[in-house]
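Trainee: I am new to this structure and would like to go through it with you. Could we look at it together?

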Amino acid sequence: MKKLQYVAAALLSLSLTGCVSFNPAGPISEPAEKASSTRQQAVMVDDVVVSDSSIDAEVRKNLSSQFTAQLNKRIERGEYFREVISFPATLGEQDVLLKLEFSSLQGKRTPHPAYFPGAILTLTGWIWFNGPIYVDKYDLTGSLGFEDVHGKTLANSQKTLHLKQNIGLWDDDYFNPALGASQLNTLVEQLLQESLQQLGQNK
C-alpha cells in the first residue's frame, strides 16, 4: 500500500504542471529533398508576416525575422527556382515574389486523461512502455503565395493544420526544446507545394 502511495504522490507531482500554451517558433528547416525540376526564373522572399494577435508584438517581430531568413535558405537549398535574390536587387518581368503569412501559431500541452490512473494501475509500467503522458494540440494557419513584379497574384495557398497528438516518454516531442517545429514545417511544405503547382499551371 505504501508503495502505491509513493507512486501516486510522484505521479501527482508530475501532473501538477497542468496545461502549457506555447507558440511554435520553428525553425523552418531545409527541404527533405530538392525540386524535381528548377523553374527558370528568380524569386525574392518577402518578409514573413506573423499576424497572430495573441502573440506579443515584439515576439512577432522576432519570429518574422527568423522565419524570413530560414525560408530564404529553404527555397535556395530546394532549388525550386534558378536564383533566390534579395534587396537591393529587383525583380525582373518574369520573376516572382514569395509571400508567407502565419495567422495562427498556437500550441497547447495538457496531461493525458488516462495517464494518472494508467500509471497507478500498472505501477508506472504505463510510463516505461510509452503510454501517453501528454496530449499536444496544434492550431496552425498560414498562407503562401507568389506575385509578379506588378503585384498580381499568380498562386496562393491557404491551409489550417489542426492536430492532436499523444506524447509518451520515448516520443521525440517529450523533451523537444523546439516543440511544434515539425508541425510548422509540415504546414510550410504543404503550402509551398500547392502554390508551386498553381504557379506551374499559370504560364
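Predicted model: local features only at pLDDT ≥ 70, side-chain atom pairs only at ≥ 80, totals over all residues.

Mentor: We shall go from the overall fold to some particular residues.

Trainee: How many helices and strands does the chain have?

Mentor: The chain has five helices and seven strands. Helices (H or I, at least four residues) and strands (E, at least two) are DSSP runs, numbered from the N terminus. Along the sequence the pattern reads α-β-β-β-α-β-β-α-α-β-β-α.

Trainee: And what share of the residues counts as buried?

Mentor: Of the 203 residues of the chain, 42% are buried. Buried means under 20% relative accessible area, exposed over 50%, and partly exposed in between (1.4 Å probe, protein chains only).

Trainee: Let us turn to strand 6 and strand 7. In which sense do they pair?

Mentor: Strand 6 (residues 134-147) and strand 7 (residues 153-167) pair in the antiparallel sense, over 14 bridges. Two strands pair if DSSP finds at least two bridges between them. Leu140 stands opposite Leu161 in strand 7.

Trainee: What is found between these two strands?

Mentor: Their hairpin has five residues between the strands, and Gly151 there takes a positive phi near 90°. Lys152 lies in the loop between strand 6 and strand 7.

Trainee: Is Lys152 buried or exposed?

Mentor: Lys152 is exposed, with a relative accessible area of 54%. Not counting residues up to four places away in sequence, Lys152 touches Phe146 and Glu147; contact means heavy atoms within 4.5 Å.

Trainee: A new topic, then. How many aromatic pairs are there?

Mentor: The count comes to three aromatic pairs. Rings of Phe, Tyr and Trp (its six-membered ring) pair if their centres lie within 6.5 Å; planes under 30 degrees apart count as stacked, over 60 as edge-to-face and the rest as tilted. One of the pairs is Phe22 with Tyr138, whose ring centres are 5.8 Å apart with planes at 80°, so this pair is edge-to-face.

Trainee: Where do Phe22 and Tyr138 lie?

Mentor: Phe22 is in strand 1 (residues 20-22) and Tyr138 in strand 6, so the pair ties together parts that are 116 residues apart in sequence. Both Phe22 and Tyr138 are buried.

Trainee: What about Phe67 and Phe102?

Mentor: Their ring centres are 5.3 Å apart and their planes are at 65°, so the pair is edge-to-face. Phe67 lies in helix 2 (residues 57-78) and Phe102 in strand 5 (residues 96-111), so parts that are 35 residues apart in sequence are tied together. Phe67 is buried, and so is Phe102.

Trainee: Which residues does helix 2 use to meet helix 5?

Mentor: Phe67, Arg74 and Ile75 in helix 2 meet residues of helix 5, including Leu184 and Val188.

Trainee: Lastly, where are the cis peptide bonds?

Mentor: A cis peptide bond joins Gly26 and Pro27, with omega about 15°, and Pro27 is in the loop between strand 1 and strand 2 (39-45). Another cis peptide bond joins Phe87 and Pro88, where omega is also about 15°; Pro88 is in the loop between strand 4 (81-85) and strand 5.

Technical notes:
Residues numbered from 1 in each chain as written. Heavy atoms only, no water.
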